[in-house]
Amino acid sequence: MPFTLVLGGARSGKSRHAEALIARHPAPWAYVATAEAWDDEMRDRIAAHQARRGADWRTLHAPLDLAAALGAAEARPALVDCLTLWLTNLMLGGHDVVAATAALEAALDARAAPTVLVANEVGLGIVPENALARRFRDAAGVLNQRLAARAATVHFIAAGLPLVLKGES
Amino acid sequence: MPFTLVLGGARSGKSRHAEALIARHPAPWAYVATAEAWDDEMRDRIAAHQARRGADWRTLHAPLDLAAALGAAEARPALVDCLTLWLTNLMLGGHDVVAATAALEAALDARAAPTVLVANEVGLGIVPENALARRFRDAAGVLNQRLAARAATVHFIAAGLPLVLKGES
Amino acid sequence: MPFTLVLGGARSGKSRHAEALIARHPAPWAYVATAEAWDDEMRDRIAAHQARRGADWRTLHAPLDLAAALGAAEARPALVDCLTLWLTNLMLGGHDVVAATAALEAALDARAAPTVLVANEVGLGIVPENALARRFRDAAGVLNQRLAARAATVHFIAAGLPLVLKGES
């Protein structure tokens, strides 16, 4: 089933927008969380996101194996939040990003229910001084391009408002 | 009276675009400046902005009390440049951002003349290494979302050219 | 002849999009490369870009004298990739950016074949801590605005997908 990609910056309202897209379909919904609680700042962010969602969401944790989580979501509409943290986890853990991306694409093709993927746009600032940050920025851009090419719908969010890059609003 | 939010990056032409929006209304206009001249670099920026504007503008300085300045602008069309520096001033001074935002919203609701707010989009680069920069980035994104939700019109500016996110061009 | 400006972030697919715009016109095409191979990372990027292009492209190297290279491209449709590296080269070499920009504009006006310019949008992240990075960010924004004002067509690329800021798709 075709999927949707929601792109945006930090605190752009992209998660909220993605939740609204999923809520167009009947509950229950699957929330596929890729965040790992490395520190207090991240734990606070995860808690704030969970508090905003209600009881209609079943949360699946998938810091690395996103393909398996999308399979486990079965016929539920699924929100993946977010691809950029998943990529961070893959890179920090020394995993094969190309193989993981191919597995994600196969899992998306196999889905029988709607899927919305959230991703950060990180390439619109000045070139980072840190070489690892530059490699990450490149990898995130390549991943976003690749999924945008396969998505039926791509929205770019700024200040909570969507621009349609591809497909429908 | 409904207000307009103009979002954009550094040197995107957002101030010039906002001035053009205000100039659709009869002069005199109020220019509400939130910048504080902390250093020479900032003094130069302020001077360059002032030199571009003509005698039809009355400048009000409001590094912190934006609500009072919007009241003082009375029936003049008012340009606020910019919300992101105002937020910086609030955070650096340890002020209550939530209370200040509520006061700004009340002042906007009370305006009897058009208002255009300029704000920076700062969340589209790589995650800053500095924790204060991350907190600021989050606060700026939340502020932009909140005002975009209340605005009648929101424009995103890139290379001097506007994209309509909401409302009219 | 009117020219096109393609703006986007790092790894946004802007080069690929610009190549597709040029390929609407008959080959052979001129590829005007502004990159200088300062280090291995940059050499790898240049090699990857060249490998993607085929034999229909004649490459001209123009780290500084873009106006001369556009003249040498003569009647071939020409892609300039990218203005932001050219600006970097000018600034690092202590050259006169204003004079170089005027020469570029004159060369664009004199072109008898289509030209597509690629540029990075770098102003949508947090303010850089480094003063040189801030100056560069300002100069890049000013250059993008100036060329966008003269361009017949301006596209903003995110995740490989174009938004039309001006002109045609």
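This is a predicted model: local features need pLDDT of at least 70, side-chain atom pairs count only at pLDDT 80 or more; totals for chains, interfaces and linings use all residues.

User: Okay, how many residues are in contact between chain A and chain B?
Analyst: On the side of chain A there are 25 residues in contact, and they meet 20 residues of chain B.

User: And what area is buried there?
Analyst: The area buried between chain A and chain B is about 1,700 Å², and carbon and sulfur atoms give 64% of that. Within the share that chain A buries against chain B, A:Arg11, A:Ala159 and A:Leu161 supply 33%, which is more than any other three residues.

User: How many salt bridges cross that interface?
Analyst: The rule finds 2 salt bridges across the interface of chain A and chain B. A:Arg11 pairs with B:Asp138, where the closest N and O atoms are 3.6 Å apart, and B:Arg134 pairs with A:Glu41, where the corresponding distance is 3.0 Å. B:Arg134 belongs to helix H6 (residues 131–150) of chain B and A:Glu41 to helix H2 of chain A, so this pair joins two chains.

User: What about the count over all chains?
Analyst: Over all chains, the same rule gives 18 salt bridges.

User: Back to the interface, how many residue pairs are in polar contact?
Analyst: Between chain A and chain B the count is 7 residue pairs in polar contact, with both residues at pLDDT 80 or more.

User: Which elements of chain A give two or more residues to that side?
Analyst: They are helix H2 (40–52), helix H6 (131–150), strand E6 (153–158) and strand E7 (161–166) of chain A. H6(A) gives the most to the side that touches chain B, with 3 residues. Sorted by class, this side of chain A has 11 nonpolar, 8 polar and 6 charged residues.

User: Switching to chain B, what order do the sheet strands take?
Analyst: Chain B has an open sheet of 7 strands in the order E3-E2-E4-E5-E1-E6-E7, and the pairing is mixed. Strand E3 (57–61) and strand E7 (161–166) of chain B stand at the edges with a single partner strand each, so one side of each has no neighbour in the sheet. On average, and with direction ignored, neighbouring strands of this sheet are turned by 20 degrees against each other.

User: How many bridges join E1 to E5 in chain B?
Analyst: Strand E1 (residues 3–8) of chain B runs parallel to strand E5 (residues 115–120) of chain B, and 6 bridges join them. The bridge partner of B:Phe3 in E5(B) is B:Thr115. Helix H4 (residues 83–92) of chain B packs on the sheet, touching E1, strand E4 (78–81) and E5 of chain B, and its direction makes about 65 degrees with that of E5(B).

User: And chain C, what is the strand order there?
Analyst: In chain C the open sheet of 7 strands has the order E3-E2-E4-E5-E1-E6-E7, with mixed pairing. The twist averages 20 degrees from one strand to the next.

User: In which sense do E2 and E4 pair in chain C?
Analyst: Strand E2 (residues 29–33) and strand E4 (residues 78–81) of chain C pair in the parallel sense over 4 bridges, and C:Ala30 stands opposite C:Ala78 in E4(C).

User: Last one, which strands does H6 of chain C lie across?
Analyst: Helix H6 (residues 131–150) of chain C lies across strand E1 (3–8), strand E5 (115–120), strand E6 (153–158) and E7 of chain C, and it runs at about 145 degrees to E1(C).

Note on methods: Residues are numbered from 1 along each chain as its sequence is written. Chains are lettered from A and ligands numbered from 1 in the order in which they are written. Side-chain values use heavy atoms; hydrogens and water are left out. Contact means heavy atoms within 4.5 Å. Buried area is the accessible area (1.4 Å probe) that two parts lose on being put together, summed over both. A salt bridge is a side-chain nitrogen of Lys or Arg within 4 Å of a carboxyl oxygen of Asp or Glu. A polar contact is a pair of N or O atoms within 3.5 Å; within protein, one must be able to donate a hydrogen and the other to accept it, and residues adjacent in sequence count only if both atoms are side-chain atoms. Ala, Val, Leu, Ile, Met, Phe, Trp, Tyr, Cys and Pro count as nonpolar, Asp, Glu, Lys and Arg as charged, and the others, Gly among them, as polar. Two strands pair if DSSP finds at least two bridges between them. Axes are lines fitted to C-alpha atoms, for helices over the stretch in contact, and angles run from 0 to 180 degrees between N-to-C directions.
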